[in-house]
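Please look through the structure below slowly, turning it as you read.

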Amino acid sequence: MKIKRRDFFPLAGAGLLAGYAGWEGARSRRNSSASPSPVVVLKASSYSDDLAQRILQGVRECGLDVRGQKVLLKPNLVEFDPNTCINTDVSVVAAAYEVFRALGAAEVMIGEGPGHRRDTYSLVEMARYREISKFDDLFVDLNRDDVSPVEKFADRAEMYFPNTALRADLVVSLAKMKTHHWAGATLAMKNFFGLVPGSVYGWPKNELHHIGIPESIVELNRIFRRSFGIVDGIVGMEGNGPIQGTPKPAGVLVMGSDLAAVDATCCRIMGIDPAKIEYLRMAADGELGNVEESRIEQRGEKVSEVRTNFALIDSFRGLRLS
Amino acid sequence: MADSYLGVRLDILRRSQNPDGGWSYYNGKQSWLEPTFYGALALHGDPAADRAWSLVKSWQRPDGSWPPTAGASVSGWGAALCLTLARVRGEVDGTYLKGLAYLLKTVGTESEIWRRALAKFGLVDPGRNLSLKGWPWNQGTSSWVEPTAHSLIALKKTFALLPAPELTERIRSGEALLLDVRCKDGGWNYGSAWALGEDQRSYPETTALALLGLQGRPEAGSSVDLAKRWLPETPSSLARAWITIALRLHGVTVPDTTSPSKGPGSPDLMVVALEALGSPDGNYGFLKTEKA
């Protein structure tokens, strides 16, 4: 089945966008932990829902203004298995592309550097991303882009990153709601592992494991602070994620400019205590974002109404939210 | 020739070579060691390959290592590729020996004494034999299948010239490591065959690379059969190219699916170079190794 452009962009036309253009939103910056962070939770029961409308609503409610900006959409494209749901669904990627274009971004690119599979274009093909109109003109293989060093990354003097990501005014983490057998959960913040180039660090990017997964997640989010998170929880993954788990419909999209707050909210939806996720503790301690429920301004659906416990592997049973 | 399957690819490589002599992964980007290695092998004998070698040689660091791209401060698996290229070109000189010394002293961190002690006393289950020494992507990290396979090719090609005991030991250990992490189906994952209580799946691309590293080992037989089954099935152009080369080097007659009208399967220039190498009249033989 070919996905058509209009399938992704059933917006209420120019009136809706005109209304948005007149609305004075904040610039795309990560909320500091000093003020509550808005996080929007919207229901979406299937990938054939009007996802562009929901993403537009989420972006509006978070006060994100992308006019004139270079936006990089960073989906989670890890591996392909037709029997499960490892990657950010193509319909979410396509809808986000249309929304950010319509909101006046100067440039919207799609980029990913898969963590262990060498052939990015084969993954792109299997995940049906090439069905997005003009995809080949929009896509950058972040594993093999030109790179530049950034000083100080955890205990490393420098770390190399793709120029496409470094030059973006805003990196949109189009993550998948999944459990993770090392980190507990992989959401908007962990998705930034795909910004690390395999051409420098290999497949997998073992350097990050040696630095420490929580430390690396926090460092990546410190470097790419101009970000926005959209988590595809329409069908997530539970159990032995992020690859070998089983599909778990959660029926939500979760969005926000504070990626720590987005991830903490996702955890609560998944029945995971975010205070027990090490990278979120570190993010909160480092004032990278808000994790405590009282510091998050919940918009859209209430977490209690959409919570659905994700199965956890034995070693993570203790993460369960009471 | 110019219109043949091989000729089309070699022509693309000639036209896409960067002014500095290297190749990028995608047209118009900076030169990287990996696509430059494959491009130079595919075009061996052509002036383009000489320019590529001049660039690669200029990138070597004082410690004998190579960065993945000009000026990068990271060192690692590129040394294996450079040694293989130098050996193919017959450039066995000071550059080569420094690179060889670097490769011989590079070991994955999983075989450090304290990690082996933890495993010995049952405090961790690494899912592999930590006494076996492989090669990491970068200094200070763990061994993985791909850099280990490339290092084995480089050392085996060196051994034919310089049969030193240090080479024998690393080759034996590296081969044993690859066999130790082979998955139940006979193929290879990127790393271990087992993690967190789960068998890991194998992949066509890593299986092909492991087979390149295990040339001359009779134990590779069942894995060759798996690679033969995968060749027509895998949707990845990169994996198909690597499998084709591996099968040819294991003496398997690969069905000729090449045709002049069949363009490269990917915009990735490394894939173009690998498809050129693996074509029936390509230079895949440069990756052949003798039993050490």
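**Cavities, pockets and contacts**

By the rule used here, the count comes to 7 cavities of 30 Å³ or more. On a 1 Å grid over the protein atoms alone, a cavity is a set of points where a 1.4 Å probe fits but cannot get out, while a pocket is an open set with protein on both sides within 12 Å along at least five of seven lines, and lining residues have an atom within 4 Å of a point. Grid points are joined across faces, edges and corners, and a volume is the space filled by probe spheres set on the points. This is a predicted model, in which local features need pLDDT of at least 70 and side-chain atom pairs count only at pLDDT 80 or more, whereas totals for chains, interfaces and linings use all residues. Residues are numbered from 1 along each chain as its sequence is written, chains are lettered from A and ligands numbered from 1 in the order in which they are written, and side-chain values use heavy atoms, with hydrogens and water left out.

The largest cavity holds about 80 Å³ of space. It is lined by 15 residues, of which B:L33, B:P67, B:P68, B:W77 and B:G78 are the closest to its centre. At least two lining residues each come from α8 (198–201) of chain A and from α2 (33–42) and α4 (78–89) of chain B; helices (H or I, at least four residues) and strands (E, at least two) are DSSP runs, numbered from the N terminus. The lining of this largest cavity divides into 9 nonpolar, 5 polar and 1 charged residues, where Ala, Val, Leu, Ile, Met, Phe, Trp, Tyr, Cys and Pro count as nonpolar, Asp, Glu, Lys and Arg as charged, and the others, Gly among them, as polar.

Turning to the open spaces, the second largest pocket contains about 400 Å³. Its lining has 23 residues, and the closest to its centre are B:Y5, B:R240, B:T244, B:T257 and B:K262. In chain B, α1 (5–16), α11 (237–249) and α12 (269–278) each supply at least two residues of this lining, and α11(B) gives the most, with 5 residues. By the kind of residue, the lining of the second largest pocket divides into 8 nonpolar, 8 polar and 7 charged.

Next come the charged contacts. Over all chains, the count comes to 36 salt bridges, a salt bridge being a side-chain nitrogen of Lys or Arg within 4 Å of a carboxyl oxygen of Asp or Glu. One of them is formed by the side chains of A:R117 and B:E205 (2.6 Å, N to O). Because A:R117 lies in the loop between β3 (107–112) and α5 (120–126) of chain A and B:E205 lies in helix α9 (residues 204–213) of chain B, this pair joins two chains. A:R117 is buried, with a relative accessible area of 10%, and B:E205 also counts as buried, at 3% relative accessibility; buried means under 20% relative accessible area, exposed over 50%, and partly exposed in between (1.4 Å probe, protein chains only).

Within chain A, the side chains of A:R222 and A:E219 meet in a salt bridge (2.9 Å, N to O). The two are separated by about one helical turn, because they are 3 residues apart in helix α10 (residues 213–223) of chain A. A:R222 is partly exposed, with a relative accessible area of 36%, whereas A:E219 is buried, at 11%.

In chain B, B:E175 forms a salt bridge with B:K156, and their closest N and O atoms are 2.6 Å apart. B:E175 lies in helix α8 and B:K156 in helix α7 of chain B, so the pair ties together parts that are 19 residues apart in sequence. Both B:E175 and B:K156 are buried, and they belong to a network of salt bridges that links B:K156, B:R172, B:E175, B:R217 and B:E219.

Finally, consider some details of the backbone in chain A. The peptide bond from A:W203 to A:P204 is cis, with omega near 5 degrees, and A:P204 lies in the loop between α8 and α9 (206–211) of chain A. Another cis peptide bond runs from A:G241 to A:P242, with omega near 15 degrees, and A:P242 lies in the loop between β9 (227–238) and β10 (246–256) of chain A.
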